[in-house]
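Me: I have a structure to go through with you. Let me put it up, then I'll ask things as they come.

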Amino acid sequence: MSVETIEISLAFAFVCSHCGKENFVRGVLHEFTGDEKAEYAAEIGERPETGQWITHPEHVTCNGCGADFRAVNPGELVDERTEE
Ligand SMILES: [Zn+2]
């Protein structure tokens, strides 16, 4: 019996703080502006045009209860809490 092949994509997960449902959202491909390309090339020698940068969407919606959230990564969350 042969097994079918399927393309898999990177995704991000969050647990809704309203209903507790675990949600998965697709990563989005970041489009580099000309300024960003120059900035990364100067700072870290990266050449963004040769690769892909997957990031999370800025806003997410819970599939369970429909609550909307602004999405931040764990590092950003720590920064926000220490600023308060
Ligand atoms: Zn929810």
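Me: How many bridges join strand 1 to strand 2, and do they run parallel or antiparallel?
Reply: Strand 1 and strand 2 (residues 22–26) run antiparallel and are joined by five bridges. Two strands pair if DSSP finds at least two bridges between them. Strands are DSSP runs of E with at least two residues, helices are runs of H or I with at least four residues, and both are numbered from the N terminus. This is a predicted model, in which local features need pLDDT of at least 70 and side-chain atom pairs count only at pLDDT 80 or more, while totals for chains, interfaces and linings use all residues. Residues are numbered from 1 along each chain as its sequence is written.

Me: What do strand 1 and strand 2 form, and how many residues are between them?
Reply: They form a hairpin, with six residues between the two strands. In the turn, Gly 20 has a positive phi of about 85°.

Me: Which residue in strand 2 is the bridge partner of Ala 13?
Reply: Phe 24 is the bridge partner of Ala 13. Val 15, for its part, stands opposite Glu 22 in strand 2.

Me: What does Phe 24 touch, leaving out residues up to four places away in sequence?
Reply: Phe 24 touches Ala 11 and Ala 13. Contact here is between C-beta atoms, placed from the backbone, that lie within 7 Å.

Me: Is Phe 24 buried or exposed?
Reply: Phe 24 is exposed, because 10 other C-beta atoms lie within 10 Å. The cut-offs are 20 or more other C-beta atoms within 10 Å for buried, 12 or fewer for exposed, and partly exposed in between, with C-beta atoms placed from the backbone. Glu 22 counts as exposed too, since it has 11 C-beta neighbours inside 10 Å.

Me: How many residues of strand 1 are buried?
Reply: Zero of the five residues of strand 1 (residues 11–15) are buried, so the strand lies largely in the open. Strand 2 has zero buried out of five as well, so it also lies largely in the open.

Me: What about helix 1, how many buried residues there?
Reply: Zero of the eleven residues in helix 1 (residues 34–44) are buried, and the helix is hardly covered. Gly 45 follows helix 1 and has a positive phi, near 70°.

Me: Then what percentage of the whole chain is buried?
Reply: Buried residues make up 0% of the 84 residues in the protein chain.

Me: Switching to Cys 62. Where is it found?
Reply: Cys 62 is in the loop between strand 5 (59–61) and strand 6. Cys 62 is partly exposed, because it has 19 other C-beta atoms within 10 Å.

Me: Which residues is Cys 62 in contact with, apart from neighbours within four places in sequence?
Reply: Cys 62 is in contact with Cys 16, His 18, Cys 19, Lys 21, Asn 23 and Ala 67. Its C-alpha is separated by 8.3 Å from that of Glu 22, 40 residues apart along the chain. For Cys 62 and Phe 24, 38 residues apart along the chain, the C-alpha separation is 9.1 Å.

Me: Where does Asn 73 lie?
Reply: Asn 73 lies in the loop between strand 6 (68–70) and helix 2 (74–83). Asn 73 counts as exposed, because it has 11 C-beta neighbours inside 10 Å.

Me: In what order do the elements run from the N terminus?
Reply: The order is β-β-β-α-β-β-β-α. That makes two helices and six strands in the protein chain.

Me: Where is confidence lowest, and where is it highest?
Reply: Confidence is lowest in helix 2, at a mean of 72, and highest in strand 6, at 97. The score is pLDDT, the predictor's confidence in each residue, from 0 to 100. The protein chain averages 84, and 88% of the residues score at least 70. Where pLDDT is low, the predicted coordinates should not be read in detail.

Note on methods. Two residues are in contact if their C-beta atoms, placed from the backbone, lie within 7 Å.
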